[in-house]
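Please read the points below with the sequence and the model open beside you. They are meant to be taken in order.

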Amino acid sequence: MDIAPHWAALGLATLAGLSIPLGAWLAVWRVNVLPAWLGSELRHGVIAFGAGALLAAVALVLLPEGSARLAAAPAIGWFLAGGIGFALVDRAIAARGGKAAQFLAMMMDYLPEAMALGALITGDMPTAVLVAALIALQNLPEGFNAMREMRQGGDHGPPLGLFFLMVPLGPIAACIGLLLPPTYDPVTGAVMMLASGGIIYLMFQDIAPEVPLENTMLPPFGAILGFGVGLAGHLLI
């Protein structure tokens, strides 16, 4: 058995995942170093960039890869189930006073895309490398936004170690995507469609309302730039 694809899947997914704790660390560093006015504009811009990158992930990776593995009716059904399911999860978290929408969006993006990365390793290595780069670019602002959200209201938030613990989940998901036989493609597709529905819900319920900032164009341009990065990776494949 050729073990090279396994090492490639582990390595690419790990490198992509390491940008999660890096983004979280930047959020902590921003609070301690950057002036308040710059912090405000930067914060909104990074949230917008993360939203654009999430939208790119859904439009260019999760929906195409997920729908290719399912018939139309199940694909739509799993997408709607993802939106409804994560609406209920988000409501339950909010009722308990939690602040985890950005964190949920990050993990719903990271793990299904890592599965897609693993599935692409053996058949299309250049595409897998570009998907890994796209995941890394998305994880950086998402880690930043998740840590910032969890520290709102003067909370100390979670330790950076929590974000490091998320890194190994990507290689595990990539290996699952690599090792699952073609008969399990509908399962992989269902996971991707579920994640897509959940991400879309969280974007419009929790993430997009955090973007607007008066008298500056940085946030909307951040969203455009984030989606543009994803689009560039898709068009370069």
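1. How many helices and how many strands does the secondary structure of the protein come to? The count is 10 helices and 0 strands, where helices (H or I, at least four residues) and strands (E, at least two) are DSSP runs numbered from the N terminus. This is a predicted model, in which local features need pLDDT of at least 70 and side-chain atom pairs count only at pLDDT 80 or more, while totals for chains, interfaces and linings use all residues. Residues are numbered from 1 along each chain as its sequence is written, and side-chain values use heavy atoms, with hydrogens and water left out.

2. Of the 237 residues of the protein, 47% count as buried; buried means under 20% relative accessible area, exposed means over 50%, and partly exposed lies in between (1.4 Å probe, protein chains only). Among contacts (heavy atoms within 4.5 Å) between residues at least 6 apart in sequence, 87% join residues at least 24 apart.

3. The largest nonpolar core has 28 residues, of which Phe103, Met106, Leu117, Ile121 and Phe163 touch the most other members. Such a core is a set of buried Ala, Val, Leu, Ile, Met, Phe, Trp, Tyr and Cys residues joined through side-chain atoms within 4.5 Å. At least two residues of this core come from each of helix H1 (4-17), helix H2 (19-33), helix H5 (101-121), helix H6 (125-150), helix H7 (160-166) and helix H8 (169-179), and H6 gives the most, with 8 residues. Apart from this core lies another, of 16 residues, among them Leu62, Leu104, Met192 and Met203.

4. Which residues does phenylalanine 103 touch, not counting residues up to four places away in sequence? Its partners are Ala146, Glu149, Met150, Leu162, Phe163 and Met166.

5. Glycine 23 has its place in helix H2 and, at 0% relative accessibility, counts as buried. Leaving aside residues up to four places away in sequence, glycine 23 touches Leu140, Gly143 and Phe144. The C-alpha atoms of glycine 23 and glycine 143 are separated by 4.5 Å, although the two residues are 120 residues apart along the chain.

6. Two packed helices are described by the angle between their axes and the distance between the axes. The axes of H1 and H8 come within 8 Å and cross at roughly 145 degrees; axes are lines fitted to C-alpha atoms, for helices over the stretch in contact, and angles run from 0 to 180 degrees between N-to-C directions. In this contact, Pro5, His6, Ala9, Leu10, Ala13 and Thr14 in H1 meet Gly170, Pro171, Ala174, Cys175, Leu178 and Leu179 in H8. These residues divide into 9 nonpolar, 3 polar and no charged, where Ala, Val, Leu, Ile, Met, Phe, Trp, Tyr, Cys and Pro count as nonpolar, Asp, Glu, Lys and Arg as charged, and the others, Gly among them, as polar.

7. The structure holds 2 salt bridges, each being a side-chain nitrogen of Lys or Arg within 4 Å of a carboxyl oxygen of Asp or Glu. Glutamate 65 pairs with arginine 69, the closest N and O atoms being 2.8 Å apart, and aspartate 185 meets arginine 69 at 3.9 Å, N to O. Aspartate 185 lies in helix H9 (residues 185-207) and arginine 69 in the loop between helix H3 (36-68) and helix H4 (72-95), so this pair ties together parts that are 116 residues apart in sequence. Salt bridges that share partners join Glu65, Arg69 and Asp185 into one network.
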